[in-house]
Amino acid sequence: MTTVRLTMAQALARFLTRQMTVVDGEKLPIIAGIWAIFGHGNVAGMGEALHGVRDELPTYRAHNEQAMAHAATAFAKASFRRRFMACTTSIGPGATNMVTAAAVAHVNRLPLLLLPGDVFASRRPDPVLQQIEDFGDATLSANDCFRPVSRYFDRITRPEQLMPALHRAMAVLTDPAECGPVTLGLCQDVQAEAYDYPQSFFAERVWATRRPRADETEIQTAAICLRNAHKPVIIAGGGVLYSEASADLLAFAHAHDVPVLETQAGKSAMPHDDPLAMGAVGVTGTAVSNRLAEEADVILAVGTRLQDFTTGSWTLFKNPARQIVGLNIQPFDALKHATHGLVADARTGLIDLSDALGDWCAPSGWRQSAEDGKAEWDIAASAAKAPTNAAEPSDAAVIGAVERVFGHAACVVCAAGGLPGELHKLWNAAVPGGYHLEYGFSCMGYEIAGGLGVKLARPDDDVVVMVGDGSYLMMNSEIATSVMLGLKLVIVVLDNRGYGCINRLQRSTGAEGFNNLLDDAHHLALPDIDFAGHARALGAIASKVGSIADLEAALSAARDNDRTTVVVIDTDAYAVTEAGGTWWDVAVPEVSTRRAVNEARAAYEKERLLQRAD
């Protein structure tokens, strides 16, 4: 057996360069690069190793560990999981900063390889700088925080352990059902320790997309459900996009006249102008989608977790005869809530189910009802997005301005707060992946870092990040990274002076506004934040505008700018699109001295009676 003597870190870096995939007929490295912030726990081992492969595996420097892992996650999402990235940090706070990002990737079923430094395996210098000591378990380190948010976790305490660990890591990262974050804690002394690795360990491997087909019995059961349906709908989730099954979904919908409703993760699976594309469903859904969901007797849920925003906390499906068919590659998701499970890849599942249905179509009146409702919704949505002279416009008006300037082919990026709800209802996505929302973990601070990852994956696209002032203040450092890397973003900051979405939610439960808007928080003086000045200090082109007309002019100029551009506009903290939407289960206190809270509790208990028990 031929061997090569390398440090563990050198072997890790070399192995990563040998993992390939094929995208649109072109063989590419499946790991597109590695984000790194070096510290004492990884600079000597991993730093030296990555320098040696820098021409094959690009290393990107970030300004915040959580942000760089968000960027890596967004890259994987924008690449439809065909390619992904790795992240390495030192031991301690550098590592734990990535835990939130690991949770984002875990919830959203996205591949992310995390390589934090770890304690000394020898334990000779213990406790080392930044080491967490557990009084009752000497095997624990801070990296154990990654266990619940990793699909696979390992700690490399001997150099030869790297081989089975990396094989298992790649299996998880490329498996469509198991897919999620992998964490390999790299003991810092072991990173520098040498071993005679077999040359075969570094053989090139091409990872193909696995598309398992459904069991024939499950196909026939699903087909029988649909053939007996009078009011069927499809709910398209993120799995449709990850499977690159948008064309197959479109073909299925038209072959069988079934309207398509989209989750946050599934939005852009259907082109917005298709007559069977009803748009968003659920708490932030369109009026037509939610009406169809309420009436539906069969729901074909494709590639979705059916989380509470999609189902209106399980009050949305009101037809007592309703049945759910769960088409999902992950049995855990396919079999939720007493569904008829159809465990398969979204693309192959849709094709096989369509073949089993033959020439069956939903009743013509059902399709006509859907198309009529869509026409009505389009009028309401256009009105919400129309230009306005308001001194503090709504989020919807800002969305309208962005659409008018960039069109529907731009990729819009957002995450937490009120904006995702408005975008879900109102943004008209034209191409798969043109709508990039992180709403599985709803992570504030994802937006700008996520935009960076999207731009890495889609360098030729206009990437527009829409972010509130709250999220901007949480994490903005990657503006500087985008300038440094020449990855131009257009960032629209909507300043409503606080956490406007949660303030509205708080008031809707009968409470007073408290600790959300800056005015309602404990303060001695209110900060006069110059967001545009701050963005310029990070290297961006930036301006603040005073109207929707000025916003459109600034965005038009931004299209021609040579680097990241930030445009700030003050918005109304209370305005929200009233059309559409449905109930969301937010528990209201059962006992309160406030009459408004007691009234909200009574309304809450009434809605809870409509929830499905199964």
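Hi everyone, let me start with a term: a salt bridge here is a side-chain nitrogen of Lys or Arg within 4 Å of a carboxyl oxygen of Asp or Glu. By that rule, Arg601 and Glu605 form a salt bridge, with the closest N and O atoms 2.9 Å apart.

Before going on, a word on what we are looking at. This is a predicted model, where local features need pLDDT of at least 70 and side-chain atom pairs count only at pLDDT 80 or more, while totals for chains, interfaces and linings use all residues. Residues are numbered from 1 along each chain as its sequence is written, and side-chain values use heavy atoms, with hydrogens and water left out.

Back to that pair. Arg601 and Glu605 are four residues apart in helix H24, so about one helical turn separates them. Helices are DSSP runs of H or I with at least four residues, strands are runs of E with at least two, and both are numbered from the N terminus. As a reminder, an α-helix has 3.6 residues a turn, so residues three or four places apart point the same way.

How covered are the two partners? For this I use relative accessible area: buried is under 20%, exposed is over 50%, and partly exposed is in between, with a 1.4 Å probe and protein chains only. Arg601 is buried at 13%, and Glu605 is partly exposed at 36%. Elsewhere, salt bridges that share partners join Asp118, Asp144, Arg147 and Arg155 into one network.

How many salt bridges does the structure hold? There are 32. Asp345 meets Arg211 at 3.1 Å, N to O. Asp345 sits in the loop between strand E17 (340-343) and helix H14 (346-357), and Arg211 in the loop between strand E11 (205-207) and helix H8 (216-227), 134 residues apart. Asp345 is buried, with a relative accessible area of 5%, whereas Arg211 is partly exposed at 23%.

The other one pairs Glu392 with Arg497, whose closest N and O atoms are 3.3 Å apart. Here Glu392 lies in the loop between helix H15 (364-385) and helix H16 (395-406), Arg497 lies in the loop between strand E21 (490-495) and H21, and 105 residues separate them. Glu392 is partly exposed at 37%, and Arg497 is partly exposed at 29%.

On a 1 Å grid over the protein atoms alone, a cavity is a set of points where a 1.4 Å probe fits but cannot get out; a pocket is an open set with protein on both sides within 12 Å along at least five of seven lines; and lining residues have an atom within 4 Å of a point. Points are joined across faces, edges and corners, and a volume is the space filled by probe spheres set on them.

The largest pocket has a volume of about 1,200 Å³. Its lining has 49 residues, and Val283, Cys501, Arg504, Leu505 and Trp584 lie nearest the centre. Which helix gives the largest share of that lining? H21 does, with six residues. Among the other helices supplying at least two residues are H17 (419-426) and H24 (595-608). H17 is mostly covered, with eight of its eight residues buried.

For classes, Ala, Val, Leu, Ile, Met, Phe, Trp, Tyr, Cys and Pro count as nonpolar, Asp, Glu, Lys and Arg as charged, and the others, Gly among them, as polar. The pocket lining then divides into 21 nonpolar, 20 polar and eight charged residues.

The largest cavity has a volume of about 750 Å³. It is lined by 48 residues, with Arg81, Arg109, Gly238, Gly239 and Tyr242 closest to its centre. H9 gives the most to this lining, with three residues. By class, the lining of the largest cavity has 20 nonpolar, 19 polar and nine charged residues.

The second largest cavity has a volume of about 70 Å³. Its lining residues include Lys77, Leu241, Tyr242 and Arg458. By class, that lining has six nonpolar, two polar and two charged residues.
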